[in-house]
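Please read the following note beside the sequence and the model. The points are numbered so that each can be checked in turn.

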Amino acid sequence: MKIWYGLSREALLGFRQTVERLAAAPGVRRVCEIGGGANPFLLPEFVRQHNLEYTVVDISTDELTKAPANYRKVQADIAAPGLEIGGGYDLVFSQWCAEHVSSGRRMHENVWRMLAP
């Protein structure tokens with residue numbers, strides 16, 4: 001494996017392009033962002049344009065209240081044991097969340113249960 005270095009700005013642009021491509025794919029209707037808080041990743045125009053049901057999950061009620069009203073918001077700890085916030089999501093993603101959770105294993109178990117078959 002070759003190790004390479006790049007600028008964080010380039011990585012962020014690539015991430016946005018990847019998430020938008022996945023969210024706009026045929027058959028994707030329900031999208032959930034983990035840790036989106038006050039600033040959800042997908043813009044309201046993109047969500048409307050692609051007719052998405054977009055849910056933002058964050059541990060902080062204060063941050064969620066700052067997010068625009070047109071997003072579905074769920075206050076929850078993604079790493080809580082046995083978390084149940086519903087399922088059937090076609091895409092679940094996070095940008096700046098994993099480094100803050102108490103258990104990466106539980107976070108991934110919960111995300112797995114949130115995904116549609």
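Predicted model: local features only at pLDDT ≥ 70, side-chain atom pairs only at ≥ 80, totals over all residues.

Where is the place of N51?

1. N51 is found in the loop between α2 and β2 (53-58). Helices (H or I, at least four residues) and strands (E, at least two) are DSSP runs, numbered from the N terminus. The phi angle of N51 is near 50°, which is a positive value in a residue other than glycine. N51 has 52% relative accessibility and therefore counts as exposed; buried means under 20% relative accessible area, exposed over 50%, and partly exposed in between (1.4 Å probe, protein chains only).

2. Residues are numbered from 1 along each chain as its sequence is written, and side-chain values use heavy atoms, with hydrogens and water left out.

3. A search of the whole structure finds four aromatic pairs. In one of them, the ring centres of F15 and F41 are 5.3 Å apart and the planes stand at 65°, so this pair is edge-to-face. F15 belongs to helix α1 (residues 8-23) and F41 to the loop between β1 (30-34) and α2 (44-49), so the pair ties together parts that are 26 residues apart in sequence. Rings of Phe, Tyr and Trp (its six-membered ring) pair if their centres lie within 6.5 Å; planes under 30 degrees apart count as stacked, over 60 as edge-to-face and the rest as tilted.

4. F15, F41 and F93 form one aromatic cluster. F15 is partly exposed, at a relative accessible area of 26%, whereas F41 is buried, at 5% relative accessibility.

5. The charged end of R16 sits over the ring of F41, 4.1 Å from its centre. R30 lies over the face of Y89, at 4.3 Å from the ring centre. A charge sits over a ring if NZ of Lys or CZ of Arg is within 6 Å of the ring centre and within 35 degrees of the ring normal.

6. L42 has its place in the loop between β1 and α2, and it counts as buried because its relative accessibility is 0%. L42 and A23 are 19 residues apart in sequence, and their C-alpha atoms are 9.1 Å apart in space.

7. C32 is found in strand β1 and is buried, with a relative accessible area of 0%. The C-alpha atoms of C32 and I78 are separated by 12 Å, and these residues are 46 residues apart along the chain.

8. P68 lies in the loop between α3 (61-66) and β3 (72-75). At 33% relative accessibility, this proline counts as partly exposed. P68 and P44 are 24 residues apart along the chain, with 8.4 Å between their C-alpha atoms.

9. S103 is in the loop between β4 (91-94) and α4 (104-114). With 15% relative accessibility, S103 counts as buried. Its side chain reaches the backbone nitrogen of R106 at 3.1 Å.

Methods. Polar contact = N/O pair within 3.5 Å; in protein donor to acceptor, adjacent residues only side chain to side chain.
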